[in-house]
Amino acid sequence: MKIYTLNRNNEQMLSATMSLLSLEHLDDLKRMTSIVMPDLLLIDEDEASEMLTYLDQMPDQNQRRICDVIVLVRDSSLTTIREWTSLGAKTAWLQSEWEELLIETYGTEPSEQGADRPRQYNNKTPVVVAVATSFAGNGGTHTALMIAKYLESNYGGRVAVVEAQCAEEPIEAFTVIQYSRTGNMPMVDEGPIMFKCENLHMVCSGLDPALLEQLTRRGSYDFIVLDMGVLSAHPNPTLFFTADLQVLLSSGVNWRIPITVDVLTKLSRYDQKDVRIVVPMVSPKERSFAAGVFPHRFVTTLSAYPNVFQLNEQISNELHTILSPILPKSKRRGLNLLGL
């Protein structure tokens, strides 16, 4: 359970399931909340009104009030509690008793607080999956979103998808997705653009090193999926090769296979033993041809599937095959593995 507050102790573990991040200024708290929404906000009454207004102004209805807000007050009378709950807070606690009340209220059954499913990786460093392509238009964003939705649907917890492509004019596909589904554009006035869609936390144009560091903090997310675009054109391929799982999209079309070979050759200075090559939308014959070109690598296929947010059994099984190295062994199902 991730908790944010102001001007208290530095980041610490309150229990095996709760971590506390204390920030110095209200603007820092707003920025951090826009990057990684916590399970709980503890805020003094002097700053609470402004913070509650900030949360209400988030453009996506799904992003609002997805965390509990508890106001720390000097007087915890019934009248005071009613005043703050009418403004959107969950309740109000005495400032002198917040630690005891926190453990008492949230410390015993964390899986029931702010989550629909038990989390598999709570308060651990996030598992990072990097998705890159051999050439433009190869389905990298589509695949990254399917991977993220599969992880969120089957393993619970928090999943962030980061638009980590880098170009002089970013594609900003996530902003288009937000507009097409809600008719609203995400906030762009300050900080990173982030919104929640289908239980996924989507971060637009997230190549800022400071932002990536915040996203990968212990307890922030369970999984982070990086949509990196064309790998050979990326200014920081180290992001790809240091991820916990590296997915490189190739092609089953004969004349395109050498493009993937050239990409890997160009980046041969990196350790490539864990790169998993995925060939989308091909026949078994074309898949066999691709596997023959990469005889000592994992090669598998991914069927054409239009709806990244509603996965059927076949596509889920294929994604399970791709992601198997990072999945809990207890969750594995009997599958017909296609990889070599």
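Is Thr80 buried or exposed? In this predicted model, in which residues are numbered from 1 along each chain as its sequence is written, local features need pLDDT of at least 70, side-chain atom pairs count only at pLDDT 80 or more, and totals for chains, interfaces and linings use all residues. Side-chain values use heavy atoms, with hydrogens and water left out. Thr80 is buried, with a relative accessible area of 12%; the classes are buried for under 20% relative accessible area, exposed for over 50% and partly exposed in between, with a 1.4 Å probe and protein chains only. The residue Thr80 lies in helix H3. A polar atom of its side chain is 3.3 Å from the backbone oxygen of Asp75, which falls under the definition of a polar contact: a pair of N or O atoms within 3.5 Å, where within protein one must be able to donate a hydrogen and the other to accept it, and residues adjacent in sequence count only if both atoms are side-chain atoms. When neighbours within four places in sequence are left aside, Thr80 is in contact with Val73 and Asp75, contact meaning heavy atoms within 4.5 Å.

The protein has eleven helices and 14 strands. These elements are DSSP runs numbered from the N terminus, helices being H or I with at least four residues and strands E with at least two. Of the 340 residues, 51% count as buried. Among contacts with a separation of 6 or more, 65% are accounted for by residues 24 or more positions apart.

Salt bridges were assigned where a side-chain nitrogen of Lys or Arg is within 4 Å of a carboxyl oxygen of Asp or Glu. The structure holds eight of them. One of these joins Arg74 to Glu45, with the closest N and O atoms 2.6 Å apart. This pair links distant parts of the chain, 29 residues apart: Arg74 is in the loop between strand E5 (68–73) and helix H3 (78–86), and Glu45 is in helix H2 (residues 45–56). Arg74 also forms a salt bridge with Asp46, for which the closest N and O atoms are 3.0 Å apart. Here too distant parts of the chain are linked, since Asp46 is in helix H2 and Arg74 in the loop between E5 and H3, 28 residues apart. Arg74 counts as exposed at 54% relative accessibility, and Asp46 is exposed with a relative accessible area of 58%.

A further salt bridge is formed by Asp274 and Lys273, whose closest N and O atoms are 4.0 Å apart. Asp274 is partly exposed, at a relative accessible area of 46%, whereas Lys273 is exposed, at 62%. Elsewhere, salt bridges that share partners join Glu45, Asp46 and Arg74 into one network.

Asp274 is also among the residues in contact with Gln246; with neighbours within four places in sequence left aside, the others are Ala130, Phe240, Phe241, Asp271, Val275 and Arg276. Gln246 lies in strand E12 (residues 245–249) and counts as buried at 3% relative accessibility. The side chain of Gln246 reaches two backbone oxygens, that of Phe241 at 3.1 Å and that of Ala243 at 3.3 Å.

Thr242 lies in the loop between helix H8 (238–241) and E12. Thr242 is exposed, with a relative accessible area of 57%, and its side chain reaches the backbone oxygen of Thr238 at 2.7 Å. The C-alpha atoms of Thr242 and Asp274 are separated by 9.9 Å, with the two residues 32 apart along the chain.

Helix packing was examined for H5 and H11. Helix H5 (residues 140–155) packs against helix H11 (residues 313–323) at an angle of about 95°, with the axes 10 Å apart. The axes are lines fitted to C-alpha atoms, for helices over the stretch in contact, and angles run from 0 to 180 degrees between N-to-C directions. H5 and H11 are therefore roughly perpendicular to each other; angles under 35 degrees count as roughly parallel, over 145 as roughly antiparallel, 65 to 115 as roughly perpendicular and the rest as oblique. In this contact Met146, Ile147, Tyr150, Leu151 and Tyr155 of H5 meet Ile315, Ser316, Leu319, His320 and Leu323 of H11. The contact residues divide into eight nonpolar, two polar and no charged, where Ala, Val, Leu, Ile, Met, Phe, Trp, Tyr, Cys and Pro count as nonpolar, Asp, Glu, Lys and Arg as charged, and the others, Gly among them, as polar.
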